[in-house]
Amino acid sequence: MPGFLDNEEIEIPCENCGRKSKKSIGWIKGHTEFSCACGTRIRLQASQFESEIAKVERSLGDLERSLKNFGK
Ligand SMILES: [Zn+2]
């Protein structure tokens, strides 16, 4: 289901100022770096974000499965 998850937002924490910026998964997939308001550049390929995305994908997958089973 491409595009469905792209609207989900996850928080990108800045190591420098501690600010958390919300970005959609679609945005993150299209960018390799994020510039915080303080000027710090944060790489978006970090495994941290991939695990965040995997977590969202997993929970949505579970939901999808339970909805399909519900209809039977
Ligand atoms: Zn910052």
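Modeller: Start with Pro 13, which stands opposite Lys 20 in β2. The model is a predicted one.

Colleague: What makes β1 and β2 a pair?

Modeller: Count the bridges. Pairing needs at least two bridges between the strands. Strand β1, residues 9–13, and strand β2, residues 20–24, have five bridges. Therefore they count as paired. The sense is antiparallel.

Colleague: What do β1 and β2 form, and how many residues are between them?

Modeller: They form a hairpin with six residues between them. Gly 18 sits in the turn, and its phi is positive, about 80°.

Colleague: Now Val 56. Which helix is it in?

Modeller: Val 56 is in helix α2, which covers residues 47–70.

Colleague: Why is Val 56 called partly exposed?

Modeller: Val 56 has 15 C-beta neighbours inside 10 Å. Buried needs 20 or more, and exposed means 12 or fewer. The value of 15 lies in between, so Val 56 is partly exposed.

Colleague: Which residues does Val 56 touch, leaving out those up to four places away in sequence?

Modeller: Leu 5, Glu 8 and Ile 10. Take Leu 5: Val 56 is 51 residues apart from it along the chain, yet their C-alpha atoms are separated by 8.1 Å.

Colleague: How much of the protein is buried?

Modeller: Buried residues make up 4% of the 72 residues.

Colleague: And what share of contacts links residues 24 or more positions apart?

Modeller: They account for 23% of the contacts with a separation of 6 or more.

Technical notes:
Residues are numbered from 1 along each chain as its sequence is written. This is a predicted model: local features need pLDDT of at least 70, side-chain atom pairs count only at pLDDT 80 or more; totals for chains, interfaces and linings use all residues. Two residues are in contact if their C-beta atoms, placed from the backbone, lie within 7 Å. Helices (H or I, at least four residues) and strands (E, at least two) are DSSP runs, numbered from the N terminus.
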